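Hello,

Here is the structure I promised to pass on, followed by my notes on it. Have a look at it first, then read on.

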Amino acid sequence: MTAELVEEGQTTATPWRPSPVIAGSMGLHGLAGVGLVVSPEAWLLALGVVAANHAALTAAGMWPRSTWLGPNVRRLPAKAEARAEIALTFDDGPDPAVTPKVLDLLDERRVTATFFCIGERARAHADLCREIVRRGHGVENHSRRHLPTFPLLGLAGIRREIAAAQASIVQSTGTAPRFFRPPAGLRSPLLDPVLHSLGLRLVSWTRRGYDTRHQPGPVTAKLLGGLRAGDILLLHDGQCARTPAGVPVVLEVLPRVLDAAERARLRPVTLHHAIDT
Ligand SMILES: [Zn+2]
């Protein structure tokens, strides 16, 4: 893996550093190799150690809030928490049938949010992306196509998916995303060096309500359970479920979340504001 990473090159000022778990895994591979040279009959043990290591890394990648594979923003920083801020994040848009209504709900309360847009949709609905930014919200990178196979891609494939979305969003809004969230939050150990080289930070969430599958009641309960300053909440303006009456679930959940935030005197802000200011 090391050679591949070096070939990939770094365009940012500081060199990429593997997380302790990744560094340990690299060391383990080296030890297994040395072990094979010194004691070839131990090949089965070496193979077992390497296989177990890969299984552990794969499991970490399937756990969206894991920090094993590299830095992962799961809550807002302490300074934002001290300002009583929270971040609402909307994934998988923009969607012309839903996103404008989400924007209106946010406007009514004079709060801002962050939209993790899919590159192809950002390109198809460039006017909507511009409108999101015009109203003071952030548009961030959620990959070009939202592939279910994203965690299985190699370095070049991951880079292409992220760079293409970055280009579509820049073309639509004139602003380059600073944050990336992988499809479904799933990733491999190869994501971190690519994000580093593109100058992006991985953002997951504090809580999600599964609004692509469930009805407003349980979604709201999950999102608001233990709501406090510094939380990052995940909702969907794209691919969201519908109520039996055909209403996008996010449009019923969002007013309840905004009510709760108001009652708790918490201020929803963009990730950019919370993290970079
Ligand atoms: Zn998504």
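Which residues does V73 touch, not counting residues up to four places away in sequence? They are R201, L202, V203, S204, W205, I232 and I275, where contact means heavy atoms within 4.5 Å.

Before the rest, a word on the numbers. This is a predicted model, in which local features need pLDDT of at least 70 and side-chain atom pairs count only at pLDDT 80 or more, while totals for chains, interfaces and linings use all residues. Residues are numbered from 1 along each chain as its sequence is written, and side-chain values use heavy atoms, with hydrogens and water left out.

Back to V73, then. The loop between α3 and α4 (78-82) holds V73; helices (H or I, at least four residues) and strands (E, at least two) are DSSP runs, numbered from the N terminus. V73 has a relative accessible area of 11% and is therefore buried (buried means under 20% relative accessible area, exposed over 50%, partly exposed in between, with a 1.4 Å probe and protein chains only). From V73 to T99 there are 26 residues in sequence and 24 Å in space, C-alpha to C-alpha. A82, in helix α4, is exposed, with a relative accessible area of 69%. Its C-alpha atom is separated by 22 Å from that of L202, 120 residues apart along the chain.

Next, the cores. A nonpolar core here is a set of buried Ala, Val, Leu, Ile, Met, Phe, Trp, Tyr and Cys residues joined through side-chain atoms within 4.5 Å. The largest one has 35 residues, and L88, F90, V102, L106, F115, V250 and L254 have the most contacts inside it. Two or more residues each are given to this core by β1 (85-91), α5 (99-109), β2 (114-117), α7 (126-134), α10 (216-224), β7 (232-236) and α11 (249-263). The largest share, nine residues, is from α11. Another core, of 14 residues, lies apart from the largest one, and V73, L234, L271 and A274 are among its members.

- α2 (residues 20-38) and α3 (residues 43-61) pack at an angle of about 165 degrees, with axes 9 Å apart. That makes α2 roughly antiparallel to α3 (under 35 degrees counts as roughly parallel, over 145 as roughly antiparallel, 65 to 115 as roughly perpendicular and the rest as oblique). V21, I22, S25, L28, H29, A32 and L36 of α2 make the contact with W43, A46, V49, V50, N53, H54 and L57 of α3. By class, that contact has ten nonpolar, four polar and no charged residues (Ala, Val, Leu, Ile, Met, Phe, Trp, Tyr, Cys and Pro count as nonpolar, Asp, Glu, Lys and Arg as charged, and the others, Gly among them, as polar).
- α8 (residues 155-173) and α9 (residues 191-198) have axes that come within 10 Å and cross at roughly 45 degrees, and are therefore oblique to each other. L155, I158, R159, I162 and A163 in α8 meet L191, P193, V194, L195, S197 and L198 in α9. These residues divide into nine nonpolar, one polar and one charged.
- α10 and α11 cross at roughly 35 degrees, their axes coming within 9 Å. P216, G217, V219, T220, L223 and L224 in α10 meet V249, E252, V253, R256, V257 and A260 in α11, with eight nonpolar, two polar and two charged residues by class.

Last, some backbone details. Most residues other than glycine have a negative phi, and most peptide bonds are trans. In the loop between β1 and α5, which holds P94, the peptide bond from G93 to P94 is cis, with omega near 0 degrees. D92 lies in the loop between β1 and α5 too, with a positive phi near 75 degrees, and is buried at 4% relative accessibility. R110, in the loop between α5 and β2, has a positive phi near 55 degrees but counts as exposed at 79% relative accessibility.

Best wishes

How values were computed:
Axes are lines fitted to C-alpha atoms, for helices over the stretch in contact, and angles run from 0 to 180 degrees between N-to-C directions.
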